[in-house]
Each structure stands twice: as structure tokens, then as C-alpha cells.
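Have the sequence and the 3D view open as you read.

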Amino acid sequence: MVPVAAHADVSYSVGYVSEYYYRGFFQKSSSASAGLDFEQGGFYACTWAADVGDGLEVDGYFGYGVEMGDLSVGVGFTGYYYTGDFDNTYEEFNFNAGYGPLSLEYSAGTWDDPAAEQDYSFTALSADLGAGFSATYGSFGQDFAGAYLQADYGFSVAELDLGVSLIFPDDDITSAQNEAGIAEVGSGEAIVLSVGKSF
């Protein structure tokens, strides 16, 4: 395998979503975000922050990936941190592989639950369907439970990246959200509109 081109690339992004969902779980209605990405020779280091109502979610992630034709593999680390009382810290190791339009992610992490630290795994299979359409099926394991299906359509207008996502969480995710008192989840399904710009 051969590392990707060895030149430094720094980019910035800003975005807004009508509802912030992550891995099938509702986070907040109407959320703005911003990110900074650095890439060089297959190595990447990035940070990203989003409004979650009670403070900010601030993520940091880094890793290394290689490509050979249609095949790609990568390893990395991601940490999810919060400035308020919205949630507690998540830290995980990430493994990714892709071939052509298909990509597979496996992540193993821990959640800093004040009662007792919990371990979790997350597996997702994504497909680039072409013409701006894509789909992802993700599921949790170990101390976490739940799965979801997400269908996306993205396109660009006047240097803006626009998108529409359909999110279908299963009963485990919906029940967990309802027990947490998140009324916005409703039946669990959602239509999310997004707009973003990269620099």
C-alpha cells in the first residue's frame, strides 16, 4: 500500500443543521458547528465543535490512512468532550476500511458514566450510491444497544454544501431517548436539513 500524497492541507468548515443527530441519537434542534482539519501524507488531525444547548460538544480526532487503488484502510482515535452538563466524555479507537463505493467502520470506546464507566462498540456500513446519494446502517454493541439507518442526499449551490438526511432509529434508540425525556425525538424518525461551507 502507498500513502496518499504527502502535502499539507489545512481546511476550515462551518455548518448548520435543522436537527443534530449523531449515530441515530438526537442531540439538539437547530445546531451550528465549526471545524478545523489538517492533513499531510495520510496523517490527519482535526477538531470540531457544535452547539448542544448546554454548552458545546468539542471533538478531537487524529489518525492515519493509506490507499491503493479502490482499497483504503485507516486507524484513528476520537474524543468527544463537553463544556457543560449535556453529557460525559466518550473516547474511542476507530478502524476503517473501504473498497470502491463501500466503507466499513468499527469503533471501540468508553463512556465516562459517573455511576460506572461503560464500554461500547459501534459498527457502520456505508455506501456511496452516486449522484449525491448515500446510505449508512450503524449499530451499537457491548454496554450500548441500538441501530439506525440513515439516507443522505448532498449537493452544492454557489459554493455552499446543502444536504437532506432521513434518519430511522430502531426501538432501542428511541426508547433510550424517550427515557431521557427528549420529547423532540417523537417516533424516532427525522428529516434533517443541513448547510455548510469549507474554506
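A residue is called buried under 20% relative accessible area, exposed over 50% and partly exposed in between (1.4 Å probe, protein chains only). This is a predicted model, in which local features need pLDDT of at least 70, side-chain atom pairs count only at pLDDT 80 or more, and totals for chains, interfaces and linings use all residues. Residues are numbered from 1 along each chain as its sequence is written, and side-chain values use heavy atoms, leaving out hydrogens and water.

**Positive phi**
- Most residues other than glycine have a negative phi.
- Q142, not a glycine, has a positive phi of about 65°; Q142 is found in strand 10 (strands are DSSP runs of E, at least two residues, numbered from the N terminus).
- With a relative accessible area of 55%, Q142 is exposed.
- A158 is not a glycine either, yet has a positive phi of about 50°.
- The loop between strand 11 and strand 12 holds A158, which is exposed at 70% relative accessible area.

- D152 sits in strand 11.
- D152 is buried without a salt bridge (a side-chain nitrogen of Lys or Arg within 4 Å of a carboxyl oxygen of Asp or Glu).
- The nearest side chain of opposite charge to D152 is R23, 13 Å away (Lys and Arg count as positive, Asp and Glu as negative; His and the chain ends are not counted).

**Strand 12**
- F168 belongs to strand 12.
- F168 counts as partly exposed because its relative accessibility is 36%.

Key:
Helices (H or I, at least four residues) and strands (E, at least two) are DSSP runs, numbered from the N terminus.
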